[in-house]
Structures are given as C-alpha cells and as structure tokens.
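Here's a quick briefing to read with the model open beside you. Take a look around first, then work through the points below.

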Amino acid sequence: MEDMCIRFIDLPCRINGVTVQDESGFYNVYINARLSIEAQHEAIAHELTHIKRDDFYSLEPITKVESFK
Ligand SMILES: [Zn+2]
C-alpha cells in the first residue's frame, strides 16, 4: 500500500471522506469525524478502494468512479 495518512476532521455532513494526493504522491485521507464509527469505517474502505484503483488518474466520469460503495 502506498504512503498515506488518515485524519478525522469535521467535514460538511454530505461528505463522508475525501482523499487528496500531494505532489510527492503521498495520500492524505480525510474522514468526516461527524459520522458514526461504522460509517467512518465504510468511508475509509471507500477511500482505500480509490487509492488501490488509482482513481485519481482515472479519466472516467466521476459518476462512474464513484459507483461503488
Ligand atoms: Zn469516492
């Protein structure tokens, strides 16, 4: 697995999590601290799937990139 850091921060309620890759390729995963523990775990799994699939380089439409749980 690539280098990454998972942080829990307050995000707008509709956002479960977001991953930002910096210029060195390091992944910063932000998970919404307002979610339940279960939802946070789902959000982490979701963001890790993006990293595994290299979705950040995907040219697919965002609706397709996001069409998994
Ligand atoms: Zn996503």
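Is Lys-64 buried, partly exposed or exposed? Lys-64 is partly exposed, with a relative accessible area of 48%; buried means under 20%, exposed means over 50%, and partly exposed is in between (1.4 Å probe, protein chains only). Keep in mind that this is a predicted model, where local features need pLDDT of at least 70, side-chain atom pairs count only at pLDDT 80 or more, and totals for chains, interfaces and linings use all residues. Residues are numbered from 1 along each chain as its sequence is written, and side-chain values use heavy atoms, with hydrogens and water left out.

**The sheet and its helix**

- You'll find an open sheet of 3 strands in the order 1-3-2, with mixed pairing; strands (E, at least two residues) and helices (H or I, at least four) are DSSP runs, numbered from the N terminus.
- At the edges sit strand 1 (4-9) and strand 2 (17-21), each pairing on one side only; to pair, two strands need at least two DSSP bridges between them.
- Strand 3 (residues 27-32) runs parallel to strand 1, and the two pair over 6 bridges.
- Phe-8 has Ile-31 in strand 3 as its bridge partner.
- Helix 1 (residues 37-53) lies across strand 1, strand 2 and strand 3, where contact means heavy atoms within 4.5 Å.
- Helix 1 runs at about 155° to strand 3; axes are lines fitted to C-alpha atoms, for helices over the stretch in contact, and angles run from 0 to 180 degrees between N-to-C directions.

- His-46 is buried at 14% relative accessible area, while Glu-66 is partly exposed at 35%.

**Salt bridges**

- The count comes to 2 salt bridges, each being a side-chain nitrogen of Lys or Arg within 4 Å of a carboxyl oxygen of Asp or Glu.
- Lys-64 meets Glu-60 in a salt bridge (3.5 Å, N to O), and Glu-60 is partly exposed at 40%.
- Asp-55 pairs with Arg-53, with the closest N and O atoms 3.0 Å apart.
- Asp-55 counts as buried at 11%, whereas Arg-53 is partly exposed at 42%.
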